Structures are given as structure tokens and as C-alpha cells.
Amino acid sequence: MADSTKNAAANTDNGSGEAGKASDGTAKKEGASVVFKLYCLAVLTVMAASYTVLMRYTRTVEGVRYYSTTTVFVTECAKMFFTLCILLKEHKGSIRKVSQELKGNIVGKPMEMLKMSVPSIVYAIQNNMTFIGLSNLDAATYQVTYQMKIPCTALLSVMMLGRSLSSMQWIAVFVLTGGVILVQGIGGEAVSHTTGTEGNYVVGLTALTIAVFCSGFAGVYFEKLLKGSDTSLWVRNVQMYSWGMLSAFLGVVMHDWQNVRENGFLYGYTPLVWLVVLLGSGGGIYTSIVVKYTDNIMKGFAAAAAIVLSTIASIMFMGLVVGWMFVMGASLVIAAIFLYGLPKTNTEKLPVRKSGTAQNV
Ligand code: C5P
């Protein structure tokens, strides 16, 4: 993470409104290189793939079951910790400068802080819903349903950001969705599991449908706030994770407080659960970098590649059997990535309206 965050930090504004200058005072590099974008997309892809496989494994394996609400909270804390470390590095270790910048953007801009509560709370709901979804559905149903977030996010990007997609790119979005569904095996033809699930199907599916909308809306809203102002990515993240920690803690209180009081906050935390926290927090930070330098739709493409990879991992480690539909689906995913033209399209800024001003919130 260190190299990319250094690169990302060097590419962000210092949040002081001095557009055009990086925090170290040098001229700001215009845009990130294609190699850097590809690197971030690839890291996010691998992290998301391992996160999904591991999260599901830790939730379905026999033995002590940790409280997922506490994991969401600990992950928010970890993201806040990493973000503060990056900010500290950006300010060459000066705690005074970091606190000045944060004071100016948190206490000094209450409206901006309030706006960030929206994606943050919606993400907190989404993160809890995905845990419920994964605990109640088999991996294939989970992945197929969750992929509806690809067209959902594309549609919301067009509606909320005024972004326009060419016909070819719309085709790519649907080819991608179809490809992912095939990869995951509609009707269980492509992917058959050696083990069944004992969850509540309706609960799982409802939770996941909510997660799909939350993912699309929060992602696009975050992108709008990030790209519609001069505030740096890391300051935006501190604003967001402050709300995230608060809402995730409320989740613990509302859902697992009695259990936590009886057994402790970190009940059932094995090294693998800590790895889930690490992957979840790293994935979150990389998501924010990817959204800054590319966009939410491209993030969807990375996620699709993650599914192909996680299915391959499941074949290797969890006894998954795949058929011709997986091969066809994986080919469609790869074709869609090329059809869309990743990552050549520059979406680092919001589309400019006819009047010449970028869209603002
Ligand atoms: O499934 P989806 O890609 O929408 O999930 C995005 C994830 O990235 C969420 O878990 C969210 O908490 C995280 N995120 C983050 N920081 C951001 C934006 C998203 O941690 N700035």
C-alpha cells in the first residue's frame, strides 16, 4: 500500500485550497499515469477477491462465531488509522500540521462534514448487509445478486454525476454483468458446491438487494463530493471514517450489545478474522484511491475481475467444480474490460456542464 498511497498523496491537493500545488509545495502532477491506475485496480481486485473468500470462510466454518458488527467497527477504526498515517506522511511527520488541516476541515467546515455523513452511513449499512448476505447465502447466489451493483452504479453515475457512456460502454457494462453472472453460475449449472448453506435465503437476498443500492448510491455520492471540491482524498476519508466509526459502533450497540457484554468485544477473533479486517480496511482505502483516479464504474470492472479470481481460488482451495459456463463467463468479463476501454478514459474530474463549471454538490 505504501507506494501507491505515496503516489496518491503526491497527486492530491493539500486541502488548503491552493489548487495546483501538492502538499510539499511542488507543482501538482496533472492526473495519474495509466500504469498507476492499473496498479491500483489490480491491487483492489486481489484484495476484494481474497476478502470475499476469507469473509465467507470465517462466517461459515464450524466453531466460535465472531460478531460481524464488531468487525465492521474495527475495520472502520483500521481505515481511520491508516488514513491518519498517510496524512502524517504527507505532512512529513508534523502532527501539528495534520491537526491544523483536520481542524480546518472538520470543525471549520461543519456542512462538508455533514455531507460526508451520507455516504458514510450508507456504506455502514452496506457493510453490515453484506455480512448478513454472506452468512445466509451460498457464495454463488451472493456474487450473482451483488453484481447487480454494476448496472446500478453505471445508472447512478449517469443520473447523479451527469457522466455519459457511449453505446459501446453501455454494452460493455451489460456484457460484464452477464459475464459475472455466468461465472457465478446461474441455476448452479456453472458452479456446483460440494457443501450447502444453512442460512435463511429470503433474509440473505433482501440484505443483499439493500447492499446493492447502498453500494451504488454511496459510491457515486462519495465520488461527487470528492471530485466536486478541492478537499484532499485523505481529509475526505477522515471525515467519512469518523462517521463510519460512529455508525458502526451504533450497529454493535443495536445488534450485539448483550453478546459483547457477555463475551467481550473481540469474541471469536482468530488470526483469520484479523486478516478479514486487514483486507477490508486495505480494500476500503484502495477503493477510495481507485474512485479518485478512475471512477465507480471502473471499480466495478475490477470487482468483476476479482470474482473470476476468487472463483479460481475457490476451485483450488474449497473444492468448487466449474463447467463451460464459467469459461464462457470469464471470457465475457475479459471482453467487456476491453470493450469499455479501461483505463484509458480519464474520469478524474466530474463532467463539465454546458456553462463550463464542474458539477458540484
Ligand atoms: O462493494 P463496494 O465496492 O461498494 O464497497 C466499497 C467499500 O469501500 C465499502 O466497504 C466502503 O466502506 C469502502 N470505502 C472506503 N473508503 C472510501 C470509499 C469506500 O473504505 N472512501
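Me: How many salt bridges does a search of the whole structure find?

Reply: A salt bridge is read from a side-chain nitrogen of Lys or Arg within 4 Å of a carboxyl oxygen of Asp or Glu. In this predicted model, a search of the whole structure finds five salt bridges.

Me: Which residue forms a salt bridge with K79, and where do the two lie?

Reply: The partner of K79 is E76, with the closest N and O atoms 3.0 Å apart. Both residues belong to helix α3, which spans residues 68–90, and they are three residues apart, about one turn of the helix. K79 and E76 are both buried.

Me: What separates K227 and E223 in helix α9?

Reply: K227 and E223 are four residues apart in helix α9 (residues 201–227), so about one helical turn lies between them. Their side chains meet in a salt bridge, at 3.1 Å from N to O, and both K227 and E223 are buried. Elsewhere, salt bridges that share partners join E112, K115 and R236 into one network.

Me: How many residues surround the ligand, and which are the closest?

Reply: The ligand is surrounded by 15 residues, of which the closest are K79, K149, S215, Y241 and K299. As for the helices, at least two residues of the shell around the ligand come from each of α5, α9, α10 (233–263) and α11 (271–293).

Me: Which atom of the ligand is 2.6 Å from the side chain of K149, and which lies 2.9 Å from N237?

Reply: For K149, an oxygen atom of the ligand is 2.6 Å from an N or O atom in the side chain. For N237, a nitrogen atom of the ligand lies 2.9 Å from a polar side-chain atom. Y241 also has an N or O atom in its side chain 2.7 Å from a nitrogen atom of the ligand. Taken alone, the ligand exposes 480 Å², and the protein buries 88% of that.

Me: What is the space taken by the ligand?

Reply: That space is the largest cavity.

Conventions. Residues are numbered from 1 along each chain as its sequence is written. This is a predicted model: local features need pLDDT of at least 70, side-chain atom pairs count only at pLDDT 80 or more; totals for chains, interfaces and linings use all residues. Side-chain values use heavy atoms; hydrogens and water are left out. Buried means under 20% relative accessible area, exposed over 50%, partly exposed in between (1.4 Å probe, protein chains only). A residue is near a molecule or strand if one of its heavy atoms lies within 4 Å of it. A polar contact is a pair of N or O atoms within 3.5 Å; within protein, one must be able to donate a hydrogen and the other to accept it, and residues adjacent in sequence count only if both atoms are side-chain atoms. Accessible areas come from the Shrake-Rupley method with a 1.4 Å probe; for residues, only the protein chains shown count as cover. On a 1 Å grid over the protein atoms alone, a cavity is a set of points where a 1.4 Å probe fits but cannot get out, and a pocket is an open set with protein on both sides within 12 Å along at least five of seven lines; lining residues have an atom within 4 Å of a point. A molecule sits in a cavity or pocket if more than half of its atoms lie within 2 Å of its grid points.
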